[in-house]
Amino acid sequence: NNTGGGGGSGGGGGQPPAPIPPPLWDPSVTSAESTKLVEYAKGWVEELPYHNCDAHSQSLGGGTTTTMMVMKVPGKKERFVMVMVPNRRSELVCVFRFLRREGLAPPKMLDKEEEGEGWQHDEAAAATNARAPIRRTMRTMASRRQRQPRLSMLHRMVHAARFVGLLPTLKQAGQRKECPVWFTVSEFIKAGAGDECEHAVLLWHYFQWIRDQEKQRGHALHADNLPSFYLVLGSAVAVSECYFVLESYPTDPLLGCLWDPSTGKAFPLALDADQCPLVDIGCLVTSQNVYANIQWEGRPTVLALTSGGYDVTDTKRWRAFIPSESDRDYYRIGDCLQRELALSYAPPAARDRGVLLEEVISDAVKRAVMEWRSRLKRPRGHRRIHTYFSIEASNCISEVVEQLEAGSLMRGPRVRQRHRSTDGALENLIKNRALRGTAIGLTFISIESLLQKVKEQSSFTCLDPDVEFVVAVRCVPYPCGVFAVWLYFGSIFPADATKSDARRLSLKLTRRKSQKDSS
């Protein structure tokens, strides 16, 4: 017993779309919901007005079930809506039962204001953030007294999204689920890894808790414009099923933002739609309901520009699974599956462990680079390829790498002050030398995964006899045994070598052109 639904109506012709075919139901799959609710869900899916809908089956608990409906809308990518999802017991439950209305608190270390280490806000720090266009719009709408709570809330949200983005996925951890089940937030935290759906559910709980905390603080002028948060199920550029969290403002949808829970990145709806990986919204999920997108348009930015595009009360655009509270009682919908009122987090590792991990990673990278270079083809006239590492350059770059994690969390004035102190040393370093390299930021999973990222840069293939390599590592501990790793690997050599290389390349191209002309 299960259900699923789908989204997307026909083209722009105005003809009423044909109802979708009924989904496949397998009696061998059990359900934690009442029989009335299952039958109602089946009818609700059948009545969704979509064109050319195909039912996609999934294997679950020894049987075959359809937990979603995939809608093939003409001229658009596939769109899907999920109403029932399997829990860890392989029982189908309503998807919104995984969401707790009050939200859940993130680790306390992510809330610096409560620990007396308040954030400082200024114009330059805000302008460097990805959501600067949103805040600039906010400044034109509110006074400084009104926008200060919004900025405080935004910083908390950025910290929470960063932590969720650092939690490894099952694919990164080298694990996989036996069947496509959903875990609760507490089960996800205990496991230490999860799918994209668990990341999205966790981030939604954090944002909901931050919103409620802001509301309880009693900012009267600010409370009327607090955002609403939705769990978004949709399709990305190269993925047919993806999960995001939507931050929606009722007064101005363009102030909203889409958050990618797997990376912690924010995509403002006011920016170009091409920058957001989500291309079609199938449904929005709250702690009380599922809203299927029954309008033809599903692009997030276009919906924000459309009047009432995100108004889930508009029955011409969104179809609610539970129309009223009386229906919840009639169908005997269960309580939230997340029973714990607070999550238990393992404390972050000591800084000493982070320093030790930095040394291990740095040594591993140096050994790997020397091994990779030993396999390169030697230039003519060279007996062997030498590999040297510049201690001076590595120490200088290390000071810059230390700021990358703080910069990703918008610690504006502090980062700028430390950045100015390192500008002079960095300018002296590259005054007569050329520096080429890339900073890699990711969650620490294994040494092998880091070495693979370094190898993909191909910086170690430089055969200039005067080249030296730069390695700088910074490991930042987070709760639940998570480390944010920033690794810089690059090469440094005299600037004259760069000019000579360019001169040799220019002569080579000129010689080739002259040969073609003569032939």
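Which residue takes a positive phi in the hairpin of E8 and E9? In this predicted model, local features required pLDDT of at least 70 and side-chain atom pairs pLDDT 80 or more, while totals for chains, interfaces and linings use all residues. Residues are numbered from 1 along each chain as its sequence is written, and side-chain values rest on heavy atoms, without hydrogens and water.

The residue is glycine 264, with phi near 80 degrees, in a hairpin that has four residues between its strands. Helices (H or I, at least four residues) and strands (E, at least two) are DSSP runs numbered from the N terminus; strands pair if DSSP finds at least two bridges between them. Strand E8 (residues 257–260) is joined to E9 (residues 265–268) by four bridges in the antiparallel sense, with leucine 258 opposite phenylalanine 267. Three bridges, also antiparallel, link E8 to E7 (residues 242–248), where glutamate 247 faces cysteine 257.

In a regular strand, side chains alternate between the two faces of the sheet. In E8, Cys257 and Trp259 lie on one side and Leu258 and Asp260 on the other, all buried (under 20% relative accessible area; exposed is over 50%, partly exposed in between; 1.4 Å probe, protein chains only).

The structure holds 14 aromatic pairs (Phe, Tyr or six-membered Trp ring centres within 6.5 Å; planes under 30 degrees apart are stacked, over 60 edge-to-face, the rest tilted). Phenylalanine 207 and tryptophan 259 form an edge-to-face pair, at 5.1 Å centre to centre and 70 degrees between planes. Because phenylalanine 207 lies in helix H6 (residues 196–216) and tryptophan 259 in E8, the pair ties together parts 52 residues apart in sequence. Phenylalanine 207 is buried at 0% relative accessibility, as is tryptophan 259 at 2%.
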